[in-house]
Amino acid sequence: TWPFWPLWLPMDLRSWQVQVCGLGGQLCDLNVQSNLTLGALKKVIEAKTGIKAQQQRLLVGDAERDDAEPVVAWSARNTSNTLSVTLVQRPARQSEWMARVREAVDARAVFRKAPKNVRYDKAIALIAVSKDGDALIHTGQELRADRETVLVAVRHNGLSLRHASASLQDDREIVQAAIMKCPAAWQHASESLRSDRELVLGLLKLDGRLLQFASWDLRADA
């Protein structure tokens, strides 16, 4: 056996030791290939510990990672072949609603009819807006002012910018993401961004009809 995985092998073929710890201590050690995704790793952990995959939150450091990311993405700066992750167990009700919204054909309808505490739950709301950006309207003010939630929503449906807080309608990155998805989202940007000459000129190159959504001053100069 090799004491270290050969560096000449492709990264996605290397084996990694994953140490899984809970809040009360170590849960299990796993030997996995570095191309294994977080979603697949959760299934392996479920088989080892009995903790349902949908109830698992896996943290690398303080950050929760996306289910589609491979182990190698978490360990890019790790010079060893060992990775430590912390497992935080979700409440059963939260994980059930996450699965329900994720699997729904009409996620917005399911989310709209959910209890208020479910609609105000960021983890559940993120799934809803990733499937239908307009689901943002059914969340609370706090999530409509949450940058991550709104960015996911506008990347799915640019017009969902209309449901964002005033501060995020004035956020250049969010507004640009919304416009890239749907140029008409420009009408829901803040007055200050609609008065930004550089931004407006760039948008007019995409579609001259967007001038109608610029500020009065810029329309007068056109």
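Of the 222 residues in the protein chain, 45% are buried. The model is predicted. The accessible surface of the protein chain amounts to about 12,400 Å², and carbon and sulfur atoms account for 51% of this area. The secondary structure consists of 12 helices and 5 strands. When contacts between residues at least 6 apart in sequence are considered, 47% link residues at least 24 apart.

Two packed helices are described by the angle between their axes and by the distance between those axes. For helix 8 (residues 147-156) and helix 9 (residues 172-181), the angle is about 15° and the axes lie 7 Å apart. Angles under 35 degrees count as roughly parallel, and helix 8 and helix 9 are therefore roughly parallel to each other. Their crossing is left-handed. On the side of helix 8, the contact is formed by R147, V150, L151, V154, R155 and H156; on the side of helix 9, it is formed by E173, I174, A177, A178 and K181. Classified by residue type, this contact of helix 8 with helix 9 comprises 6 nonpolar, 1 polar and 4 charged residues.

Among the strands, strand 2 spans residues 25-33 and includes G25. The relative accessible area of G25 is 29%, so this residue is classed as partly exposed. G25 and L87 are 62 residues apart along the chain, and their C-alpha atoms are separated by 9.9 Å.

Definitions and conventions
Residues numbered from 1 in each chain as written. Predicted model: local features only at pLDDT ≥ 70, side-chain atom pairs only at ≥ 80, totals over all residues. Heavy atoms only, no water. Axes fitted to C-alpha atoms, helices over the stretch in contact; angles between N-to-C directions. Helix = DSSP H or I, 4+ residues; strand = E, 2+ residues; numbered from the N terminus. Parallel < 35°, antiparallel > 145°, perpendicular 65-115°, else oblique. Left-handed = near helix turned anticlockwise from the far one by under 90°. Contact = heavy atoms within 4.5 Å. Nonpolar A, V, L, I, M, F, W, Y, C, P; charged D, E, K, R; others polar. Buried < 20%, exposed > 50% of the residue type's maximum accessible area, 1.4 Å probe, protein only. Areas by Shrake-Rupley, 256 points an atom, 1.4 Å probe, with all protein chains shown as cover.
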